[in-house]
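Below is a short report for someone meeting this structure for the first time. Please look over the sequence and the model before reading on.

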There are 2 protein chains.
Amino acid sequence: MDKKAVDYSLYLVTDRELLGNKDLAATVEEAIKGGTTLVQIREKNVSTLDFFELALVVKQIAGKYNVPFIINDRIDIALAIDADGVHIGQEDMPLAVARKLLGPTKIIGVSASTLEEAVKAQDGGADYLGVGAVFPTRTKSDADHVSLAALRRIKEGVSVPVVAIGGIDKDTIQRVIEAGADGAAVVSAIIASADPYQAACNLRHIIKK
Amino acid sequence: MDKKAVDYSLYLVTDRELLGNKDLAATVEEAIKGGTTLVQIREKNVSTLDFFELALVVKQIAGKYNVPFIINDRIDIALAIDADGVHIGQEDMPLAVARKLLGPTKIIGVSASTLEEAVKAQDGGADYLGVGAVFPTRTKSDADHVSLAALRRIKEGVSVPVVAIGGIDKDTIQRVIEAGADGAAVVSAIIASADPYQAACNLRHIIKK
């Protein structure tokens, strides 16, 4: 995988608790068919074994469509299944340690809610930044708030891709792209949708405009 | 570290939630001074960063006394701090994957509550087995129960060291050693004690008898 060529524009983050009666693997596949460009598995409150097995399944699907596939937080899971990378928050493994464990070729994304955190992560070798929460979100209630103006300042202050996250759906996605984000990370707008394929299509259509 | 020479006899498992007002690092140091022969950091409900930082501190203490130091479940933390090994449960990373990630020289212990699990773990390359819960325990409410007779059968059915766990304290430790265990894993009897040094001394004294 060429890290420089990764398309972050429609970035899917999973959350099993939002699936309803749907299957996670099938939901991810529909979302990819609809235009999702990258998949991050983010699962809390699951055993390591369940996370590992889930990641293996989703890796196969992402691989089938040649979509990059990364793991939230858990570097052990990423190493175990040879994922394309990890996404780490400010309370996860220090970036330098993560890079040492994963090596230079893997994608490492870092959450940043301030320009200072963003610059520090970039200087530390992050491949992209996850910036948010740009809108109120139910899926990460402890997230800091980042205004669209602050998102724009962060984008202007770094050279690595910036992915906005937090409460992004079909009604709000245009605003984060207009604010300069290279991509929008979406959780419930796809995962909780009754039609993940159509939901992804709609979001992708707005991004491309 | 020579894996074959590890002394499992008084095996301390941490749990920050039982510390009361005590400091974890100081408690571990007192426990080691009192005769603890191995330390496992087992922390749930903490961030990866907190686990990493805690593990770094405890590693230094264990290293100072030349006591093996292993991590529960989280192979990423073990790799990050170069721990002596990991302990994995039946819901954690599969043993073969853990071994591949950690290499042949690290200690890998596996939880087993039946002879079948014990033999499978041994055949898969486990260095020791954690068997329990031999007595009712508050610190792992979902644990299976293993009778002392079952503990003895497991010990007789494998050649790797067997460490009994679950509700072991000064009143019960003699019974697990008499049942054939190579060691006793202790959580609250040391961690929750007002005097971890004396608690460890007392347990060690009973084991040596």
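His145(A) is exposed, with a relative accessible area of 57%. Here exposed means over 50% relative accessible area, buried means under 20%, and partly exposed lies in between (1.4 Å probe, protein chains only). His145(A) sits in the loop between β6 (128-132) and α6 (148-157) of chain A. Helices (H or I, at least four residues) and strands (E, at least two) are DSSP runs, numbered from the N terminus. Setting aside residues up to four places away in sequence, His145(A) touches Ala133(A) and Val134(A). Contact means heavy atoms within 4.5 Å. A polar atom of the His145(A) side chain lies 3.2 Å from the backbone oxygen of Ala133(A). Lys22(A) is 123 residues from His145(A) along the chain, and their C-alpha atoms are separated by 30 Å.

This is a predicted model, in which local features need pLDDT of at least 70, side-chain atom pairs count only at pLDDT 80 or more, and totals for chains, interfaces and linings use all residues. Residues are numbered from 1 along each chain as its sequence is written, chains are lettered from A and ligands numbered from 1 in the order in which they are written, and side-chain values use heavy atoms, with hydrogens and water left out.

**Two chains**

How are chains A and B related? A rotation of 180° with 0.0 Å of shift along its axis superposes chain A on chain B (RMSD 0.0 Å). That is the relation of a two-fold axis. In chain A, the C-alpha nearest the axis belongs to Asp76(A), 2.3 Å from it. Both copies use the same surface: 100% of the contact residues of chain A recur in chain B. The superposition is by least squares on the C-alpha atoms of residues with pLDDT of at least 70 in both copies.

**Annotated positions**

The UniProt record (unreviewed entry) gives "domain: Thiamine phosphate synthase/TenI" for residues 10-190 of chain A. The end C-alpha atoms of that span lie 11 Å apart, and the span is 39% helix and 19% strand. UniProt (unreviewed entry) also lists Asp73(A) and Asp92(A) under "binding site". They are spread over 20 residues of sequence, yet they cluster in space, with a largest C-alpha distance of 6.0 Å. UniProt positions follow the numbering used here, feature names are shortened, and annotations may be inferred rather than shown by experiment.

Asp73(A) lies in the loop between β3 (69-72) and α3 (75-81) of chain A. Beyond its neighbours within four places in sequence, Asp73(A) is in contact with residues including Lys44(A), Asp92(A), Thr48(B), Arg74(B) and Asp76(B). Asp92(A) is in the loop between β4 (85-88) and α4 (95-102) of chain A. Apart from residues up to four places away in sequence, Asp92(A) touches Asp73(A), His87(A), Thr48(B) and Leu49(B). A polar atom of the Asp92(A) side chain lies 2.7 Å from the backbone nitrogen of Gly89(A).

| Residue | Relative accessibility | Class |
|---|---|---|
| Asp73(A) | 8% | buried |
| Asp92(A) | 10% | buried |
| Glu29(A) | 17% | buried |

Glu29(A) is in helix α1 (residues 24-33) of chain A. Leaving out neighbours within four places in sequence, Glu29(A) is in contact with Ile61(A), Lys64(A) and Tyr65(A).

In α1(B), 7 of its 10 residues are buried, so the helix is mostly covered. The buried residues of α1(B) include Leu24(B), Val28(B), Glu29(B) and Ile32(B). They pack against β1, β2 (38-41), α2 (48-64), α8 and α9 of chain B. Asp23(B) caps the N-terminal end of α1(B), with a side-chain oxygen 3.2 Å from the backbone nitrogen of Ala25(B). Such a polar contact is a pair of N or O atoms within 3.5 Å; within protein, one must be able to donate a hydrogen and the other to accept it, and residues adjacent in sequence count only if both atoms are side-chain atoms. Gly35(B) follows α1(B), and its phi is positive, near 125°.

Helix α9 (residues 196-208) of chain B has 13 residues, which should span 18 Å at 1.5 Å a residue; its end C-alpha atoms are 18 Å apart, which agrees. The expected span is 1.5 Å times one less than the number of residues. Which residues of α9(B) are buried? They are Pro196(B), Ala199(B), Ala200(B), Leu203(B), Arg204(B), Ile206(B) and Ile207(B). Seen down the axis of α9(B), these buried residues fall within an arc of 160°, so they line one face of the helix. The arc is that of the directions from the helix axis to the C-beta atoms. An α-helix has 3.6 residues a turn, so residues three or four places apart point the same way. The exposed residues His205(B) and Lys208(B) are on the face of α9(B) turned away from its buried side. Among the elements covering the buried residues of α9(B) are β1 (10-13), α1 (24-33) and α7 (173-178) of chain B.
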